[in-house]
Amino acid sequence: DLMLDEIHRVCSRWALISVPDALPWRLGNLLMLRYVGTLGNPPAHLNEWTGRGFGRFVSRLFDISGSRQPLPWTMLLLERATPRSRR
């Protein structure tokens, strides 16, 4: 939440942000036998996002102008929401 608030504060209109999509990232880790005890989830990993969940999260401050999901990422082009367009 704090990071999204800061991105909203400093961007003039547009922001491009990305996060790894949790499922393919974890499956890739398991295939390489990394973090097997936590089912592919690195110990320092704080959030697990799906494309849809990440979109809902950023929609409180931004309108989503575009999205791409090159494996294993979710990338969103965001535009600062105007007060009347906020959800």
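Glu6 and Arg9 form a salt bridge, with their closest N and O atoms 2.7 Å apart. A salt bridge here is a side-chain nitrogen of Lys or Arg within 4 Å of a carboxyl oxygen of Asp or Glu. The structure holds 5 salt bridges. This is a predicted model: local features need pLDDT of at least 70, side-chain atom pairs count only at pLDDT 80 or more, and totals for chains, interfaces and linings use all residues. Residues are numbered from 1 along each chain as its sequence is written, and side-chain values use heavy atoms, with hydrogens and water left out.

**Salt bridges**

- Glu6 and Arg9 are 3 residues apart in helix 1, so about one helical turn separates them. Helices (H or I, at least four residues) and strands (E, at least two) are DSSP runs, numbered from the N terminus.
- Glu6 is partly exposed at 35% relative accessibility, while Arg9 is exposed at 58%. The cut-offs are under 20% relative accessible area for buried and over 50% for exposed, with partly exposed in between (1.4 Å probe, protein chains only).
- Arg13 forms a salt bridge with Glu79, the closest N and O atoms being 2.7 Å apart. Arg13 sits in the loop between helix 1 and strand 1 and Glu79 in strand 3, so this pair ties together parts 66 residues apart in sequence. Arg13 is partly exposed, with a relative accessible area of 45%.
- Asp5 and Arg60 meet through their side chains in a salt bridge (3.0 Å, N to O). Asp5 belongs to helix 1 (residues 2–10) and Arg60 to the loop between helix 3 (51–58) and strand 2, so the link spans parts that are 55 residues apart in sequence.
- Asp5 is partly exposed at 35% relative accessible area. Arg60 is also partly exposed, at 33%.

**Strand pairing**

- Strand 1 (residues 14–20) pairs with strand 3 (residues 73–80) in the antiparallel sense, over 7 bridges. Two strands pair if DSSP finds at least two bridges between them.
- Ala15 has Leu78 of strand 3 as its bridge partner.
- Strand 2 (residues 62–68) also runs antiparallel to strand 3, joined by 6 bridges. Arg68 stands opposite Met75 in strand 3.
- A hairpin of 4 residues connects strand 2 to strand 3.

**Nonpolar core**

- The largest nonpolar core has 12 residues, including Leu4, Trp49, Phe54 and Leu76. Such a core is a set of buried Ala, Val, Leu, Ile, Met, Phe, Trp, Tyr and Cys residues joined through side-chain atoms within 4.5 Å.
- Strand 1, helix 3 and strand 3 are the elements that give two or more residues to this core. Strand 1 gives the most, with 3 residues.
- Leaving aside neighbours within four places in sequence, Phe54 is in contact with Ile17, Val19, Trp49, Thr74 and Leu76. Contact means heavy atoms within 4.5 Å.

**Backbone features**

- Leu71 and Pro72 are joined by a cis peptide bond, with omega about 5°. Pro72 is in the loop between strand 2 and strand 3.
- Leu33 is not a glycine, yet its phi is positive, near 60°. Leu33 lies in the loop between helix 2 (22–31) and helix 3. Leu33 is exposed, with a relative accessible area of 67%.
- Leu39, again not a glycine, has a positive phi of about 55°. Leu39 is in the loop between helix 2 and helix 3. Leu39 counts as exposed at 55% relative accessibility.
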